[in-house]
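Let's take a friendly walk through one protein model. Keep the sequence and the 3D view open as you read.

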Amino acid sequence: MSDFFDSLMAGLNEAVAIERGELKGRKTVYEIQPIKKYNNIEIKHIRNSVGMTQVLFANYMGVSLKTVEAWEKGTNRPTGTACRLISMLENHTFEALPFVKCLS
């Protein structure tokens, strides 16, 4: 049979064995850290530390340039998902994202 079918059957057989108590199931536990809030000074510092212009940062964040300008002026503040993306910049883990490509 195909590799896919063999893999699927192995997974199903494992699930049945776990259900019968013949195997112990695996589980992964994740702890999700609270969302960090960023002020205008931190946002600008993080953006500059990774070498992004406001335009590039806006494209990365999926927001308009006006939104980035408002964040950096302190008029508005990012929330939720935007803060998670900023934290990835802050921790230099953004390069692992599928929509980020290093050109240099």
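This is a predicted model: local features need pLDDT of at least 70, side-chain atom pairs count only at pLDDT 80 or more; totals for chains, interfaces and linings use all residues.

Residues are counted from 1 along the chain, following the sequence as written.

## A pair of aromatic rings

How many aromatic pairs does a search of the whole structure find? It finds 1. The partners are Phe57 and Trp71, and their arrangement is edge-to-face. Their ring centres are 6.4 Å apart, with 80 degrees between the planes. The planes count as edge-to-face because the cut-off for that label is over 60 degrees.

Where do the two partners sit in the chain? Phe57 belongs to helix H3, which covers residues 54–61, while Trp71 belongs to helix H4, residues 65–73. The pair links distant parts of the chain, with the two residues 14 apart. Both Phe57 and Trp71 are buried.

## How H3 meets H4

Now look at the two helices themselves. H3 and H4 pack at an angle of about 105 degrees, and their axes are 8 Å apart. That angle makes H3 roughly perpendicular to H4, because angles from 65 to 115 degrees are given that label.

Which residues make the contact? From H3 come Gln54, Val55, Phe57, Ala58 and Met61. From H4 come Leu65, Val68, Glu69, Trp71 and Glu72. Sorted by class, the contact of H3 with H4 has 7 nonpolar, 1 polar and 2 charged residues.

## Glu72, a buried residue in H4

Glu72 is placed in helix H4. Is Glu72 buried or exposed? Its relative accessible area is 12%, so Glu72 is buried, since buried means under 20%.

The side chain of Glu72 has polar partners. Another, at 2.7 Å, joins the side chains of Glu72 and Gln54. Leaving out residues up to four places away in sequence, Glu72 touches Asn40, Ile43, Lys44, Arg47 and Gln54.

## In and after helix H5

Ser87 is found in helix H5. With a relative accessible area of 19%, Ser87 is buried. The side chain of Ser87 reaches the backbone oxygen of Arg84 at 2.7 Å.

Helix H5 spans 80–90, and His92 lies in the segment after it. What is the phi of His92? His92 has a positive phi of about 55 degrees, although it is not a glycine.

Conventions. Side-chain values use heavy atoms; hydrogens and water are left out. Rings of Phe, Tyr and Trp (its six-membered ring) pair if their centres lie within 6.5 Å; planes under 30 degrees apart count as stacked, over 60 as edge-to-face and the rest as tilted. Helices (H or I, at least four residues) and strands (E, at least two) are DSSP runs, numbered from the N terminus. Buried means under 20% relative accessible area, exposed over 50%, partly exposed in between (1.4 Å probe, protein chains only). Axes are lines fitted to C-alpha atoms, for helices over the stretch in contact, and angles run from 0 to 180 degrees between N-to-C directions. Angles under 35 degrees count as roughly parallel, over 145 as roughly antiparallel, 65 to 115 as roughly perpendicular and the rest as oblique. Contact means heavy atoms within 4.5 Å. Ala, Val, Leu, Ile, Met, Phe, Trp, Tyr, Cys and Pro count as nonpolar, Asp, Glu, Lys and Arg as charged, and the others, Gly among them, as polar. A polar contact is a pair of N or O atoms within 3.5 Å; within protein, one must be able to donate a hydrogen and the other to accept it, and residues adjacent in sequence count only if both atoms are side-chain atoms.
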